[in-house]
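Please have the sequence and the model open while reading.

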Amino acid sequence: MDLQKAWKAHQAEKFSQPKINKDMILQAIQQDSSSTMDELKTNLFMKLMWVVLFTVSTLVFMLVNLDRTELLLILLFPLLYFLSGLIVLGWQYQQLRNSMDFSKEPLTFMKNFDRALHRALQFETISGLIFYPMAAITGFCIAKHFKGVGLAEIFQDAHSLKIMLIAVLVLTPLAHFAAKAMNKKAFGSTTKRLKENIRKLDELN
Amino acid sequence: MQDSLADQFATLIETHSGIIYQVIKLYADTQEDQQDLYQEIVLQCWKSFARFEGKSKFSTWLYRVSLNTILSYNRKANREIPTDNIILVSPEEPAPSAAKAALYQAIKQLVEVDRMLILLHLEEYKNGEIAEIMGLTVNHVNVKLHRIKNQIIAQLKK
């Protein structure tokens with residue numbers, strides 16, 4: 001069977017001339033992209049902006065409370081966390097921008113994309129596992145601090161420790177699985193397709 | 001400067017619009033999806049256009065960008081599609097015969113990379129050119145095409 005002959009006949013039969021003109025092309029380049037890569041890039045950028053906001057807010061909060069040594073000590077952990085998040089996210093964003101070359105060989109393109117996607121999701125999982133308990137403990141300590149309870153007192157009080165422990169144990173897995181489910185919904189099908197296409201091309205190389 | 005580049009780009013795309021047309025028909029089913037995919041391909045081509053050095057033919061480059069766009073494409077259900085510019089409506093197109101529609105369907109059942117391989121082959125690209133577009137060796141293209149053709153023929157014989 002001559003597939004090429006059948007294809008040519010099919011094309012002649014099925015398609016009339018496309019009506020793509022210059023104006024439509026110029027209009028299309030003004031549109032927003034719907035590629036998963038662009039979506040990931042926008043997501044990363046938004047996260048980066050949130051981390052900038054949290055870093056600045058924490059710093060401002062520390063500056064207006066310079067006389068409260070204990071509060072500064074409590075806030076030092078989130079500040080360090082946000083600063084390191086800023087560095088890692090900034091680096092990831094740059095990496096993703098560099099890997100977004102659509103004119104690269106498909107296998108290289110897909111592997112770069114898969115790596116970037118995997119790295120971004122993995123970072124989110126790890127940073128979340130640190131963030132949720134830290135947010136619960138910091139929030140609790142700040143609230144207690146403004147009620148006049150000292151840090152030493154909080155950590156010596158069995159009741160306070162129990163509340164913090166419960167908050168951490170409930171919040172962390174809940175937030176972790178919610179984030180995982182959302183990521184799976186957003187990127188699950190893309191990851192699956194990507195892996196299948198990589199496997200198909202890889203088995204040839 | 002940017003305007004003249006956009007103009008140059010638009011002329012090139014217009015000249016090669018048949019390629020985009022072929023690709024979107026093979027990778028998207030509904031008219032809306034086809035319109036969306038067309039926009040996405042043109043947009044990604046535009047974003048990558050500054051990197052096009054003219055070392056390869058524009059058609060080769062266009063196929064490669066199109067394939068990479070398809071591989072990273074994720075149609076958004078809520079994305080707005082301008083309806084005043086639907087390019088792919090061809091009411092005068094007759095329905096294909098059953099045999100030819102079967103060929104088309106058999107190709108559509110292949111995974112994305114295989115679909116592109118066979119499309120390039122059917123469009124009479126030489127195996128060397130297909131290898132360049134796909135980033136494979138010529139030997140691998142030969143082997144892969146042989147397998148895909150057998151797969152399609154087997155499907156058509158069912």
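Lys104(A) is partly exposed, at a relative accessible area of 31%; partly exposed is the range between buried (under 20% relative accessible area) and exposed (over 50%), taken with a 1.4 Å probe on protein chains only. The model is predicted, so local features need pLDDT of at least 70 and side-chain atom pairs count only at pLDDT 80 or more, while totals for chains, interfaces and linings use all residues. Residues are numbered from 1 along each chain as its sequence is written, chains are lettered from A and ligands numbered from 1 in the order in which they are written, and side-chain values use heavy atoms, with hydrogens and water left out.

**Salt bridges around Asp101(A)**

- Lys104(A) forms a salt bridge with Asp101(A), with 3.8 Å from N to O; the term stands for a side-chain nitrogen of Lys or Arg within 4 Å of a carboxyl oxygen of Asp or Glu.
- Asp101(A) is buried, with a relative accessible area of 10%.
- Arg51(B) sits in the loop between helix H3 (31-48) and helix H4 (58-71) of chain B, and Asp101(A) in the loop between helix H4 (69-99) and H5 of chain A, so this pair joins two chains. Helices here are DSSP runs of H or I with at least four residues, strands are runs of E with at least two, and both are numbered from the N terminus.
- The closest N and O atoms of the salt bridge between Arg51(B) and Asp101(A) are 3.2 Å apart.
- Arg51(B) is partly exposed, with a relative accessible area of 40%.

**A salt bridge within chain B**

- Lys57(B) and Glu129(B) also meet through their side chains in a salt bridge, at 2.9 Å from N to O.
- This pair links distant parts of the chain, 72 residues apart: Lys57(B) is in the loop between H3 and H4 of chain B, and Glu129(B) is in helix H7 (residues 127-134) of chain B.
- Lys57(B) is partly exposed at 48% relative accessible area, whereas Glu129(B) counts as buried at 19% relative accessibility.
- Over all chains, the structure holds ten salt bridges.

**The contact between chain A and chain B**

- Chain A gives 54 residues to the contact and chain B gives 73 residues, where contact means heavy atoms within 4.5 Å.
- About 6000 Å² is buried between the two chains, and carbon and sulfur atoms give 59% of that area. Buried area is the accessible area (1.4 Å probe) that two parts lose on being put together, summed over both.
- Two salt bridges are found across this interface.
- Nine residue pairs, both residues at pLDDT 80 or more, are in polar contact between chain A and chain B. A polar contact is a pair of N or O atoms within 3.5 Å; within protein, one must be able to donate a hydrogen and the other to accept it, and residues adjacent in sequence count only if both atoms are side-chain atoms.
- On the side of chain A that touches chain B, the elements giving two or more residues are helix H1 (3-14), helix H2 (22-28), helix H3 (36-63), helix H5 (106-146) and helix H7 (158-202) of chain A.
- H1(A) provides the largest share of that side, ten residues.
- By class, that side of chain A has 24 nonpolar, 15 polar and 15 charged residues. Nonpolar covers Ala, Val, Leu, Ile, Met, Phe, Trp, Tyr, Cys and Pro, charged covers Asp, Glu, Lys and Arg, and polar covers the others, Gly among them.

**Chain B and its helix H6**

- Chain B has eight helices and zero strands.
- Of the 158 residues in chain B, 56% are buried.
- Eleven of the eleven residues of H6(B) are buried, so this helix is largely enclosed by the rest of the structure.
- Asp114(B) lies in helix H6 (residues 112-122) of chain B and counts as buried, at 2% relative accessibility.
- Leaving out residues up to four places away in sequence, Asp114(B) touches Lys200(A), Lys144(B) and Ile148(B).
- Glu124(B) follows H6(B) and has a positive phi, near 65°.
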